[in-house]
Amino acid sequence: MPSSDYPHREYFAERLLAWYRRGKRDLPWRRSRDPYHIWVSEVMLQQTRVETVIPYYHRFLERFPTIDALAAAPEEEVLKLWEGLGYYSRARNLQSAVREVKERYGGVVPDTKEDIATLKGVGPYTSGAILSIAYNKPEPAVDGNVMRVLARFFLIEEDIMKPGTRTVMEKLARSLIPDGEAGDFNQALMEFGALVCSPRSPQCLTCPVMERCAARHEGREDDLPVKKKAKPPRPERRLAAFIEGSGEHAGKVLIRQRPQEGLLARMWELPHILVEQGAGTTDDEAMRLLQGRLLQDETLDVLPQEPFMHAEHTFSHIHWDMQVYRCRLASADGKTGGALPELTPFHYRWMGHEEMEQYAFPNVFVRIFREAFKQG
Ligand code: SF4
């Protein structure tokens with residue numbers, strides 16, 4: 001139905017704004033109107049909790065306080081500061097987009113939807129958030145959080161995973177924005193979704209708009225929003241080698257850089273292989289698989305020594321179930337820990353404990369190294 005048919009829109013907007021102004025959280029990005037700072041915070045906040053983001057936000061802006069600084073930084077350094085936040089394509093896209101802003105817009109974040117929406121990684125939510133918060137433009141910023149609130153208050157029973165539902169929500173959210181209050185109103189909606197109308201157990205009894213909330217009236221707040229289940233992440237079993245050097249490489253571990261493209265592109269990791277589900281379930285079998293398949297270079301051989309640890313990590317669509325083994329590397333002449341393979345698609349290096357800060361690793365490997373260096 002048209003947005004104008006949804007009742008109590010003014011009531012909802014006024015109450016929400018007043019509630020926000022009474023007790024909004026003092027978050028670091030709320031002290032800035034710099035569009036670049038707002039942008040960084042919004043990208044970090046995607047799929048990540050506020051408390052987690054705060055220290056990252058400070059560190060990132062300390063190192064890259066301006067568009068120029070981020071545009072000029074080596075990607076490796078950007079990824080390093082992002083390490084632990086996950087979804088690394090966000091960091092890469094942010095840097096590409098910032099470089100574009102520097103080149104095409106003289107370093108000023110564009111203030112129109114048409115321009116900002118062309119930047120890499122800037123979808124409708126992020127563009128709405130930047131335009132409204134930094135420039136106070138009446139653009140909606142609709143994410144899952146906001147859709148949940150609107151679905152409940154206005155009793156919208158469509159599946160929020162459908163693009164058509166998002167369009168309805170965006171229109172409705174736009175129609176709610178009070179004149180000249182876009183920035184605060186959008187932040188009020190986000191804050192309200194995070195603190196009051198939360199996914200599980202919404203705080204209806206203390207809610208500032210409870211009186212006219214349609215879901216509450218119908219006792220449906222726990223059923224909304226309707227969200228078709230996403231496919232569960234695909235399980236992948238991986239065997240990783242914690243290869244310790246000897247001789248001049250004693251105390252070091254062999255790491256490799258991932259390929260230029262694809263999942264976790266150009267990040268560093270322990271060498272590992274993907275095996276079929278159900279394969280390598282006993283340590284003996286897993287170590288045999290590792291020995292035979294890890295480095296496809298005839299002059300080198302991996303000699304698994306003993307099980308080390310188990311680690312898991314879920315990406316948005318894949319779940320890694322990883323068994324790690326302590327290994328040594330032997331070359332054909334029997335010497336261990338020597339030369340590195342050159343013929344593989346990966347870059348290999350020996351890394352000492354103290355050099356860990358120089359490389360960007362996915363979280364799962366950071367956990368493994370921490371455990372290893374604690375033991376070692
Ligand atoms: S009454 Fe409950 S369901 Fe309705 S908006 Fe408030 S917190 Fe959400």
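# Notebook: helices of a predicted model

**Entry on helix 6.** I then went back along the helix itself, which covers residues 89–104, and checked its length: at 1.5 Å a residue its 16 residues should span 22 Å, and since its end C-alpha atoms are 22 Å apart, the two values agree. I looked up which of its residues are buried, and the list holds Arg-90, Ala-91, Arg-92, Leu-94, Gln-95, Ala-97, Val-98 and Val-101. As a reminder to myself, an α-helix has 3.6 residues a turn, so residues three or four places apart point the same way. What covers the buried residues of helix 6? I found that the cover includes helix 2 (35–45), helix 3 (50–63), helix 4 (67–72) and helix 5 (75–82).

**Entry on helix 8.** I turned next to residues 124–135, where helix 8, with twelve residues, reaches 16 Å from its first C-alpha to its last, close to the 16 Å expected at 1.5 Å a residue. Ten of these twelve residues are buried, so I wrote helix 8 down as largely enclosed by the rest of the structure. The buried ones run from Tyr-125, Thr-126, Ser-127, Gly-128 and Ala-129 on to Ile-130, Leu-131, Ser-132, Ile-133 and Ala-134, and they pack against helix 2, helix 7 (113–116) and helix 11 (182–195). Just after helix 8 I came upon Asn-136, which takes a positive phi of about 55 degrees.

Is Glu-191 buried or exposed? I had located this residue in helix 11, and with a relative accessible area of 2% it is buried, because buried means under 20%. Leaving aside residues up to four places away in sequence, I saw that Glu-191 touches Trp-19, Tyr-20, Gly-23, Lys-24, Arg-25, Arg-30 and Val-196. I then looked at Arg-200, which sits in the loop between helix 11 and helix 12 (214–218), and which is exposed, with a relative accessible area of 70%. Arg-200 lies 21 residues from Glu-221 in sequence, while their C-alpha atoms are 9.4 Å apart in space.

**Entry on helices 9 and 10.** Two packed helices are described by the angle between their axes and the distance between the axes. For helix 9 (residues 144–153) and helix 10 (residues 163–176), I noted that the axes come within 10 Å and cross at roughly 80 degrees. Angles of 65 to 115 degrees count as roughly perpendicular, and therefore helix 9 and helix 10 are roughly perpendicular to each other. On the helix 9 side of the contact I found Met-147, Leu-150 and Ala-151, which meet Arg-166, Met-169, Leu-172, Ala-173 and Leu-176 in helix 10. Sorted by class, this contact has seven nonpolar, no polar and one charged residues.

**Entry on the whole protein.** Last, I stepped back and counted 14 helices and seven strands in the protein, whose C-alpha atoms fill a box of roughly 80 × 50 × 35 Å along the principal axes. Buried residues make up 51% of the 376 residues. Among contacts between residues at least 6 apart in sequence, I recorded that 67% join residues at least 24 apart. The UniProt record, an unreviewed entry, places the annotation "domain: HhH-GPD" on residues 44–195; I found this span to be 66% helix and 0% strand, with its end C-alpha atoms 19 Å apart.

Terms used. Residues numbered from 1 in each chain as written. Predicted model: local features only at pLDDT ≥ 70, side-chain atom pairs only at ≥ 80, totals over all residues. Heavy atoms only, no water. Helix = DSSP H or I, 4+ residues; strand = E, 2+ residues; numbered from the N terminus. Expected span 1.5 Å × (residues − 1). Buried < 20%, exposed > 50% of the residue type's maximum accessible area, 1.4 Å probe, protein only. Contact = heavy atoms within 4.5 Å. Axes fitted to C-alpha atoms, helices over the stretch in contact; angles between N-to-C directions. Parallel < 35°, antiparallel > 145°, perpendicular 65-115°, else oblique. Nonpolar A, V, L, I, M, F, W, Y, C, P; charged D, E, K, R; others polar. UniProt positions renumbered as here; feature names shortened; annotations may be inferred.
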